[in-house]
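Dear colleague,

Please find the structure below, handed over for your own work. My notes on what was found in it follow directly after.

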Amino acid sequence: MAGTTLLDIKGVQTYYGNIRALNGVDVTVKQGEIVALIGANGAGKSTLMMTIFGAPRARAGTITFAGTDITQLPTHEIARMRIAQSPEGRRIFPRMTVMENLQMGASLDNLKHYEEDVEKVFTLFPRLKERIAQRGGTLSGGEQQMLSIARALMARPKLLLLDEPSLGLAPLIVKQIFDAIRELNRTQGLTVFLVEQNAFGALKLATRGYVMVNGNVTMSGTGKELLANPEVRAAYLEGGHH
Ligand SMILES: Nc1ncnc2c1ncn2[C@@H]1O[C@H](COP(=O)(O)OP(=O)(O)O)[C@@H](O)[C@H]1O
Ligand SMILES: [Mg+2]
């Protein structure tokens with residue numbers, strides 16, 4: 001089903017009170033793609049991620065997933081459509097162990113696939129297996145990010161949303177995380193929508209990308225095109241590590 005549109009965001013406007021954070025955003029993610037959304041702090045990237053889950057709710061526009069209009073669906077029903085996320089700040093359960101966090105991720109299917117899927121995420125992130133009985137809050141930042149992604153994967157998502165997975169992590173750990181995302185996409189065909197301030201890393205990983213400025217998408221193209229674009233280079237890549 002390559003080339004089929006999985007997520008279709010059209011004309012989405014989202015407000016915080018009277019302040020409009022998204023000004024009519026159009027983004028599409030096709031089956032099997034890694035799509036990156038880049039932009040400066042405060043551009044509205046996280047707001048778009050959260051709007052997909054209905055919190056905050058889009059005040060205009062439509063969000064369609066796998067052919068179903070999910071714009072007004074309750075958040076738990078959106079999760080049931082097999083959209084999973086690793087939100088900004090990881091949001092793992094700090095008092096629960098690694099295993100309990102992963103069980104929470106698998107609860108959508110009453111742990112039916114837990115044994116099988118936990119082996120897969122431990123193959124992807126062997127560090128988590130070593131720390132299975134450790135409380136989430138005592139893990140390093142990189143390990144918490146791995147746990148956050150692993151927990152999302154336990155829900156067997158058709159679409160994985162990642163909000164700033166590289167934020168605050170050392171370059172070597174960022175590479176491990178990005179390699180894992182690439183591996184998931186390549187071997188399992190997992191579709192990924194990735195939000196990043198790390199424009200270079202994200203665009204290198206992505207099939208396609210979008211640039212967001214002040215609640216508007218201002219540019220889009222393949223990862224390669226955006227990496228080569230002079231405006232993108234000047235605004236997001238100059239002075240960065242590349
Ligand atoms: N809960 C909130 N209440 C009010 N304003 C918010 C809230 N969350 C974000 N904003 C504002 O919305 C805009 C977009 O923020 P955000 O989506 O977090 O941007 P990004 O993820 O690109 O850094 C910013 O101006 C931010 O201050
Ligand atoms: Mg953000």
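Arg-156 has a relative accessible area of 29% and is therefore partly exposed, where buried means under 20% relative accessible area, exposed over 50% and partly exposed in between, with a 1.4 Å probe and protein chains only. Its side chain meets that of Asp-117 in a salt bridge at 2.9 Å, N to O, the term standing for a side-chain nitrogen of Lys or Arg within 4 Å of a carboxyl oxygen of Asp or Glu. This pair links distant parts of the chain, 39 residues apart, with Arg-156 in the loop between H6 and S7 and Asp-117 in helix H4 (residues 114–124); helices (H or I, at least four residues) and strands (E, at least two) are DSSP runs, numbered from the N terminus. Asp-117 counts as buried because its relative accessibility is 5%.

Before going on, please keep in mind that this is a predicted model, in which local features need pLDDT of at least 70 and side-chain atom pairs count only at pLDDT 80 or more, while totals for chains, interfaces and linings use all residues. Residues are numbered from 1 along each chain as its sequence is written, chains are lettered from A and ligands numbered from 1 in the order in which they are written, and side-chain values use heavy atoms, with hydrogens and water left out.

The whole structure holds 13 salt bridges. One of them joins Lys-45 and Glu-164 at 3.9 Å, N to O, and this pair again links distant parts of the chain, 119 residues apart, since Lys-45 is in helix H1 and Glu-164 in the loop between strand S7 (159–163) and helix H7 (171–188). Both Lys-45 and Glu-164 are buried. Another salt bridge is formed by Arg-131 and Glu-143, whose closest N and O atoms are 2.8 Å apart; Arg-131 lies in the loop between helix H5 (126–130) and H6, and Glu-143 in helix H6, so the pair ties together parts that are 12 residues apart in sequence. Arg-131 is partly exposed because its relative accessible area is 21%, whereas Glu-143, at 5%, counts as buried. These two residues also belong to a network of salt bridges that links Arg-127, Glu-130, Arg-131 and Glu-143.

The magnesium ion (ligand 2) is coordinated by Ser-46 (OG) and Glu-88 (OE), at 2.0 to 2.4 Å; donors are N, O and S atoms within 2.8 Å of the metal (3.2 Å for Na, K and Ca), and as water is not among the atoms, sites may look incomplete. Ser-46 counts as buried, at 16% relative accessibility, and Glu-88 as partly exposed, at 36%. As for H1 itself, seven of its eight residues are buried, and just after this helix Gly-54 takes a positive phi of about 85°.

What sits over the ring of Tyr-15? The charged end of Arg-59 does, 4.1 Å from the ring centre, the rule being that NZ of Lys or CZ of Arg is within 6 Å of the ring centre and within 35 degrees of the ring normal.

Finally, Ile-149 is found in helix H6 (residues 141–153) and is buried, with a relative accessible area of 1%. The C-alpha atoms of Ile-149 and Ala-180 are separated by 9.7 Å, the two residues being 31 residues apart along the chain.

With best regards
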